[in-house]
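Have a look at the sequence and structure first, then read on.

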Amino acid sequence: MDARYRTSEELLERALRTIPLGSQTFSKSLTQFPRGVSPFFVTHGKGCRVWDADGNEYIDFINALAAVLLGYQDPDVNRAVHEQLDRGVTFSLAHPLEMEVAEKLVATIPCAEMVRFGKNGSDATAGVIRLARAQTGREHVAVCGYHGWQDWYIGSTLRHKGVPEPTRSLTHVFTYNDIASLEKLFAEWPNQIAAVILEPVNVTPPTDDFLQKVAKVTRQNGALLVFDETITGFRFALGGAQEYFGVTPDLATFGKGLANGLPLSAVVGRRDLMKEMEEIFFSFTFGGETLSLAAASATLDKLSREKVVPSLWQHGARLMELLAGRIERHGVGSFLSIGGYPVWSFLLVKDAGNVSQWSIRTLLFQELFQRGILFIGTHNLCYAHGDAEIDRLMEVYDEVFPLLRRAVLEGEMERLLRCAPIQPLFRVR
């Protein structure tokens, strides 16, 4: 064990006695962070930086799995939360913030005419699928991307343990940028698919008018088009990826950056569809919790008032350009590449000969963490990232990429890797 992470390791041992995997979230657990060379507990954050339980400082490119859009302890969000805390958090009746935030979302998102709130992205995606099934009278769903932990979706992945087979049989996966794979599902299940739900974009850009074709095929077959914008919302554009790509779905889900890290998600869509929410059961004790709504209101105001999204694009474009140069300069292009968009970019790793991508990823994480960069595969930029942070990231890549080259191309992986390789959780992108 690296002494740098001694307190984290001690806390992990303690946590494992009462918490499966030691964390509430798979992506924050030892399934993603290699033991002995990783921090496992963060104590506080400011701007785009966090500090672990051992006092080590990191520039954070995870940003709470892309939930922190403005930065940790954003002063405008903090002020709104503190002011609301003095008034109360959860009440016996609805609070005006519910409609105030809903009105802001309707004014911002192309498809939004009405809004219902949840707490996690999984709440929103499960709710929108129930809504689509109620509206269409159909039960089957076509999916592309990651849509949360609940049975209707997770049953279609390798993490389906505990999901009944009848539930699993109702969800069907199609392939991004392959419209024929979606058409095939409609042919196999005629007049039975209630909704097509997809992340409008993740690693790979849409090609050959893919999103427009999805919309056309979906509506021709009497199903509803749903965009899962849990990550892309407020990142690609104020109105989400649907605004950026010019394709308006029937319904959409939002979360993560909506409240700059406070727990809030939303189902939005056409009024005639959303009215069905009066009939189906989509109801939460904490659905109208006011601290998250106050945070969302302040976040949306700041997004409208300041050049948050342009800043993400500007700094992200510089990051991708500089990173491409580093990959070429250090001769690691045979196993490293770049995917995604400036506002949400990926450092992609693939197998190289007999060296597994998981060994490469583990060594990459080991060396980045050691140098104060928190990263698990994507550059989730926030408004607090600037040129100085991008420059430091590139300095670290200049140090780490030669090590990766030696490990992969010169057979030094066993000597350089100080821990067991991580294993894949499951692949959805």
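## Ground rules

A residue is called buried when its relative accessible area is under 20%, exposed when that value is over 50%, and partly exposed in between. Keep in mind that this is a predicted model.

## Phenylalanines

With the 20% cut-off in hand, take Phe40: its relative accessible area is 12%, so Phe40 is buried. Phe33 also lands in the buried class, at 7% relative accessibility. How are the rings of Phe33 and Phe40 arranged? Their centres sit 6.5 Å apart and the planes meet at 65 degrees, which makes the pair edge-to-face. Across the model, the count of aromatic pairs is 20.

Another pair to look at is Phe234 with Phe254, which is tilted, with 5.3 Å from centre to centre and 45 degrees between the planes. Phe234 comes from the loop between strand E8 (224-229) and helix H10 (241-245), while Phe254 is in strand E9 (residues 251-254), so this contact ties together parts 20 residues apart in sequence.

On to the charges. Side chains of opposite charge can pair when their charged atoms come close. The model has 28 salt bridges.

What does Arg305 pair with? Its partner is Asp76, with the closest N and O atoms 3.4 Å apart. This one links distant parts of the chain: Arg305 is in helix H12 (residues 290-305) and Asp76 in helix H3 (residues 75-85), 229 residues away. Both residues are also part of a salt-bridge network that takes in Asp74, Asp76, Arg79, Lys302, Arg305 and Glu306.

Since Lys104 lies in helix H4 (residues 96-108) and Asp301 in helix H12, the pair ties together parts 197 residues apart in sequence. As for accessibility, Lys104 is partly exposed at 24%, and Asp301 is partly exposed too, at 34%.

## One more charged pair

Finally, Arg49 and Glu57 form a salt bridge, their closest N and O atoms being 3.1 Å apart. Arg49 has a relative accessible area of 25%, so it counts as partly exposed. Glu57 is partly exposed as well, with a value of 37%.

Definitions and conventions. Residues are numbered from 1 along each chain as its sequence is written. This is a predicted model: local features need pLDDT of at least 70, side-chain atom pairs count only at pLDDT 80 or more; totals for chains, interfaces and linings use all residues. Side-chain values use heavy atoms; hydrogens and water are left out. A salt bridge is a side-chain nitrogen of Lys or Arg within 4 Å of a carboxyl oxygen of Asp or Glu. Buried means under 20% relative accessible area, exposed over 50%, partly exposed in between (1.4 Å probe, protein chains only). Helices (H or I, at least four residues) and strands (E, at least two) are DSSP runs, numbered from the N terminus. Rings of Phe, Tyr and Trp (its six-membered ring) pair if their centres lie within 6.5 Å; planes under 30 degrees apart count as stacked, over 60 as edge-to-face and the rest as tilted.
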